[in-house]
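Keep the sequence and the structure in view while reading.

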Amino acid sequence: MLQTMKHYSKVSLAHLRIAVLTVMEYPANMLGWLLSNPIQFILGFATIKFVVEEFGSVCGWGYGQLAFLYGISVISHALSMIFFVQGWFMGYYVIEGDFDRYLLRPMSVLYQFCFTKFNLVGITDLIPGICVFVYGCLQIDYVWTLKNTIYILVTLVGATFIRGGIYLIIGSSSFWTKSINDFGGYTQELFDKTTMYPISMYPESFQFVLTYLLPIGWVSFYPTAELLGIPNGRFAWDGAVWMTLVVGIIVFVAAAIIFKCSLKRYESAGN
Amino acid sequence: MCNGLAVNWRAFFYVYKTRIQKTLAYRFDVYGNIIWQCIVMFATAYFWKALYTGYDTVKGVQVEDMMTYTIVSSMMSLFFITFVEQRVIQSVEKGTVATDMLKPIPLFGIYFFEDLGYTTSLIVQNVIPIFIIGSIFIGVPVPHSTFMLLLFIPSVIMAYMINWLFAACFSTWAFTAINMNPMVQVKKHLIRLLSGCIIPMWFFPEWLSDILNVLPFVYIYQLPLDIYIGKYEMGILLQKMGIQALWLLVLWCLFVYLQKRVTKHVLVQGG
């Protein structure tokens with residue numbers, strides 16, 4: 001067991017090294033994203049701030065608290081981009097027969113799919129996320145005790161797994177439909193609209209869906225609302241921070257099972 | 001001369017027609033666009049509803065006007081989808097720009113009529129469904145008056161041209177840049193955030209809206225929408241339409257200049 005884990009981490013490190021080398025080979029490409037992604041997120045937050053300042057608050061959230069929420073949302077988005085963005089492109093892997101290579105190697109296919117291709121461009125999303133988050137912390141005087149720091153980390157891990165799991169589940173649909181199903185843009189839009197704003201502004205039926213059926217509410221809204229002590233709607237649970245981690249693990253395990261079942265339908269590419 | 005022009009129109013019409021047929025063949029794109037735009041439309045509508053709780057009028061605008069604003073803006077963003085950048089990037093990358101240039105009609109003329117064909121098919125397939133969905137779930141977007149509706153139409157047409165010319169000017173960059181994708185993203189987000197597409201100018205701080213009023217972006221979304229909801233008096237609106245026409249002229253001149261410059265320098269590798 002220990003031996004296997006050692007082997008797996010060694011393989012991942014080797015791939016991480018390759019990812020870094022690839023980025024260094026094309027610095028201009030990285031520079032382009034380094035400019036475009038921060039502009040997108042920082043401007044996005046600036047517009048929210050202008051509006052909320054005009055009105056005072058939205059569903060009991062001031063703009064400092066919204067910055068905190070937005071920060072958690074963008075940071076977890078960035079982490080999910082680094083580790084799980086392949087889920088968005090699974091359709092291309094299915095159609096072009098790229099799983100052949102993974103199936104031939106003596107390692108778990110899911111592990112190879114997730115952890116042998118690191119998308120370092122995701123780091124360019126991390127920077128604006130951290131900026132807005134720090135701004136939010138300063139606005140609301142967030143106290144950085146050990147407990148609070150752990151809460152933030154637990155939330156981010158859980159949130160990243162929820163996002164990654166959902167990308168995998170959506171991507172797995174390609175095995176069944178045998179088409180590319182590139183849902184990346186829609187997934188991103190849906191996540192943006194449900195994790196950057198408090199979901200308590202939506203009708204209750206939609207809040208229910210976001211809590212139980214498509215658990216995006218746990219990515220940022222419930223844990224942040226609990227940490228900052230803001231009313232969080234009808235479907236909230238106590239201990240939302242730990243629930244985020246639990247939901248993250250459940251979603252990811254479910255995604256792994258769905259992926260495994262779907263992989264059985266894989267037929268490789270042929271003519 | 002006259003005869004040559006007539007032939008050109010037939011050729012343009014042919015490009016236009018082919019593009020409509022091509023768009024009708026790709027069903028998934030159509031549903032995808034509707035899903036994506038619905039997510040944005042509903043999220044924005046609920047955001048405004050939540051903000052307006054406890055307020056009747058903010059900055060002279062009622063919540064009903066904001067709902068109309070949101071629906072019409074959603075319809076317009078489908079109307080304003082352009083492919084000219086992607087088209088130029090791909091033809092430069094693959095070298096097909098050479099065959100496009102061999103055709104007996106101007107290079108950008110082909111791209112314009114392709115986009116126009118796409119827009120035409122989108123009106124039936126996307127803009128009307130969005131109008132119906134928005135009317136049922138949010139409220140019928142009634143224009144301020146019949147006269148304003150009549151003024152809205154030329155303003156939208158000018159806005160369409162400004163948007164297209166801006167994209168075309170921008171796309172000429174692809175003849176020299178290596179990777180345009182991050183820049184295309186920046187442009188897309190700048191236009192969405194600074195044109196009044198999602199958040200109207202009047203919520204921005206004065207210094208920022210003063211700057212933006214000088215730039216062409218607000219004449220893409222903000223002005224036609226201002227006209228639709230009757231935000232300003234007739235005199236001010238007509239004055240603004242004058243500036244819009246002026247921007248159209250400036251961008252046209254810039255476009256003619258850039259187009260001449262870049263097509264002279266095209267170098268296609270390979271034989």
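Which residues in H2(A) meet which residues in H7(A)? A:Met30, A:Trp33, A:Leu34, A:Asn37, A:Pro38, A:Phe41, A:Ile42, A:Phe45 and A:Lys49 in H2(A) touch A:Thr124, A:Asp125, A:Ile127, A:Pro128, A:Val132 and A:Tyr135 in H7(A), where contact means heavy atoms within 4.5 Å. The model is predicted: local features need pLDDT of at least 70 and side-chain atom pairs count only at pLDDT 80 or more, while totals for chains, interfaces and linings use all residues. Residues are numbered from 1 along each chain as its sequence is written, chains are lettered from A and ligands numbered from 1 in the order in which they are written, and side-chain values use heavy atoms, with hydrogens and water left out.

**H2(A) and H7(A)**

- Helix H2 covers residues 27-55 of chain A, and helix H7 covers residues 123-140 of chain A (helices are DSSP runs of H or I, at least four residues, numbered from the N terminus).
- Their axes are 7 Å apart, at an angle of about 30° (axes are lines fitted to C-alpha atoms over the stretch in contact, and angles run from 0 to 180 degrees between N-to-C directions).
- H2(A) and H7(A) are therefore roughly parallel (angles under 35 degrees count as roughly parallel, over 145 as roughly antiparallel, 65 to 115 as roughly perpendicular and the rest as oblique).

**H3(A) and H11(A)**

- Helix H3 (residues 63-84) and helix H11 (residues 221-228), both of chain A, pack at about 140° with axes 10 Å apart, which makes H3(A) oblique to H11(A).
- H3(A) contributes A:Gln65, A:Phe68, A:Leu69 and A:Ile72, and H11(A) contributes A:Phe221, A:Thr224, A:Leu227 and A:Leu228.

**Chain A and chain B**

- In the interface, 28 residues of chain A are in contact with 31 residues of chain B.
- About 2,800 Å² is buried between the chains, and carbon and sulfur atoms give 82% of this (buried area is the accessible area, with a 1.4 Å probe, that two parts lose on being put together, summed over both).

**Salt bridges**

- Over all chains there are five salt bridges (a side-chain nitrogen of Lys or Arg within 4 Å of a carboxyl oxygen of Asp or Glu).
- One salt bridge crosses the interface of chain B and chain A: A:Glu54 pairs with B:Lys59, the closest N and O atoms being 3.7 Å apart.
- Within H2(A), A:Glu53 and A:Lys49 lie four residues apart, about one turn of the helix, and their side chains form a salt bridge of 3.5 Å, N to O.

How values were computed. Helix = DSSP H or I, 4+ residues; strand = E, 2+ residues; numbered from the N terminus.
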